[in-house]
Amino acid sequence: MAPEELKQTSAEENKLEPKSEVISEEKPVAEESEEIHEALEDELSGLTLPQIMERMEQLINLNNAGAYHKKFHQLKEHAFKIIHDESEEHKNQAADTEIPEEQVHYEHPSQAKLSGLISIFREKQDAFHQQQDAEQAKNLEQRQSIIERLKNLYTNSEPGVNLFKEIREIKQEWGNAGQVAKSEFKILNNNYFHHLNQFYQMLDMNKEYLEQEYSHNLEKRQHIIERAQELEKESSVQKALNELQFLHKLWKEEAEPVAEEFREKTWEVFKEISNRIHERKSELNAQIEAEQQENLEKKNSIIEEIKKLASPEKEPNHHYWQTAIKTMEELRANFLKTGNVPRKISNQNWNDFKETIRNFNSAKNEFYKNLKHNQQHNLDEKMKLIQTAKDNMHSEDWDTAVPLFKKLQDDWKTIGHVPRSMANKVWDEFREACNVFFNQYRAKNNAQNDNWKENFQQKKALLEELKNVTDEEGSVEKIEHIKTSWNNIGKVPREKIGINSEFNKTMREKMKLNKIHDYELKEDGLSEGQITDKARKIKNQIGDLEAEIVKLENNIGFFTNPSRENPLLRDTYNTIDQKKAQLESMKQSLHQIIAGE
């Protein structure tokens, strides 16, 4: 090539790289990022708390969870907002029940799980940042090596080197190299393009190479323009905006340089298409407004349904309110998961919803307040029966007292419910008074067969023997033998009856020492009443244990991955297995008692 041609070619090559476009961001891309952020906010506002926590758990389970810290933070903020709103609503409901403020304490059932998810994500984010720093340092070293190779290509190139192949490989390696720290990027990027321009300026190849390079990049630009034209027809505006942002990135990073005659021409075509796509934002806004109006109608409909529940046409009863509470919770959940409404009436709509919920709770509480009044009346009537029983439980006028106590028991059955907190207490008091009377009645009839003083001496000896029991091998059998012997001994003098309480207390201590439960204790000589009491006690324990198991299994259901391999649930599954084994043992003991084994 003649010196004049080389000089002319070098001058043309010197114009290849628009350096300002290497570093700067084009305006459509910045606008698109803001649009994506607003779309994500709209999406999150339509999620319920379990759905938000499920997405948080999905992010945590990703290998590169730390890369999604912005999305996780948005999920976390929405979860905190929902928990705060629901906690405030719970406090308002408690205030309506006239509970003193100092006694109101509420911890949201999802608070502990949310705190756990945040803690786990924080650890993963720290690990991600450490890994990212290491990768960026490695990528920095790799990119510096590529720049050094590019520099050597035009300063120390050996004869016979295929410059076309070498520069292609260098550009490909640069495009595939990973990210570096933002503080390093600008200098590194400018350094690379500086040496790339230097390479083009010294290039003594013939014009065919430049034509091939220009043609290759022009073809890329044409493909990008064609894809942008297709995006104009995309029905989803948000999808079109997202992909357009990616096309701008490709244009800047992979479609440079081209011949000067096509440089501005192709960019103007691409920019005009981009502007037309961005003009479709009005369609997106119209679509969002239509969806928000539809959401408003749904939420207003839900509010009206709750109003109807709070003001039934017929006189409500307990069954009605229990059904209404479940229905209201479903309506409440539907309201919360329904998406955004127009911003100008959002606060008013939310206030209307809270006011409707508050009115529902007030009507429900008023009903149960009146119900409690009736139960209090029943409690007063039963207390009168208890007092009559206590006044006559030591009577020895059998002809009068026996019919009296039978009538008291019949009257007890005809009185309705009392407050739940008092039900067991008043029943125990009434039953105890009746038992005292009838035990004395039976004792009177069998007095000639009882040697109470001798019984006391025998029980005293057994009590001393029980006190000396340890937790050595064979202790359980000793306890069972002592309990059976105790059951076979008759009554003791009334003034010595305290020995029974002392024996029961000591028995509980020894069973705890030997790690056994009362339902596992094999004992003979129980009276019919003692067998009935023992069976009832085991039934109550079975019910409590089943409730605990159901609660644990329900808690597992909140997790996306509720398998035994999930390390977060391993201890919970072990606890459930232990309680189920205990439950089976208790059921077997109850069956043996009922069967008389």
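I will start with the chain as a whole and then go to details.

This is a predicted model, in which local features need pLDDT of at least 70 and side-chain atom pairs count only at pLDDT 80 or more, while totals for chains, interfaces and linings use all residues. Residues are numbered from 1 along each chain as its sequence is written, and side-chain values use heavy atoms, with hydrogens and water left out.

The chain has 21 helices and zero strands. Those are DSSP runs numbered from the N terminus, H or I of at least four residues for helices, E of at least two for strands. The chain has 597 residues, and 36% of them count as buried. Buried is under 20% relative accessible area, exposed is over 50%, and partly exposed is in between, with a 1.4 Å probe and protein chains only. A contact is heavy atoms within 4.5 Å. Taking contacts between residues at least 6 apart in sequence, 78% join residues at least 24 apart.

Helix H7, residues 163-176, packs with helix H8, residues 182-202, at about 170°, the axes being 13 Å apart. Axes are lines fitted to C-alpha atoms, for helices over the stretch in contact, and angles run from 0 to 180 degrees between N-to-C directions. H7 is therefore roughly antiparallel to H8; the cut-offs are under 35 degrees for roughly parallel, over 145 for roughly antiparallel, 65 to 115 for roughly perpendicular, and oblique for the rest. On the H7 side the contact is made by Leu163, Ile167, Ile170, Lys171 and Trp174, and on the H8 side by Leu188, Asn189, Tyr192, Leu196, Phe199 and Tyr200. By class, the residues of this contact are nine nonpolar, one polar and one charged. Nonpolar covers Ala, Val, Leu, Ile, Met, Phe, Trp, Tyr, Cys and Pro; charged covers Asp, Glu, Lys and Arg; the others, Gly among them, are polar.

Next, the salt bridges. How many does the structure hold? There are 22 salt bridges, each a side-chain nitrogen of Lys or Arg within 4 Å of a carboxyl oxygen of Asp or Glu. One of them joins Arg227 to Glu230, with the closest N and O atoms 2.7 Å apart. These two are three residues apart in helix H9, residues 207-231, so about one helical turn separates them. Arg227 is partly exposed at 28%, and Glu230 is partly exposed at 46%.

Another salt bridge links Lys467 and Glu464, at 3.9 Å from N to O. Both are in helix H17, residues 452-467, three residues apart, about one helical turn. Lys467 is partly exposed at 35% relative accessibility, as is Glu464 with 40%. Salt bridges with shared partners also join Arg149, Glu166, Glu169 and Glu173 into one network.

Last, the loop residue. Gly66 is in the loop between helix H4 (49-60) and helix H5 (69-96). Is Gly66 buried or exposed? At 1% relative accessibility, Gly66 is buried. Neighbours within four places in sequence aside, Gly66 contacts Phe121, Lys124, Gln125 and Phe128. Arg122 is 56 residues from Gly66 along the chain, and their C-alpha atoms are 8.1 Å apart.
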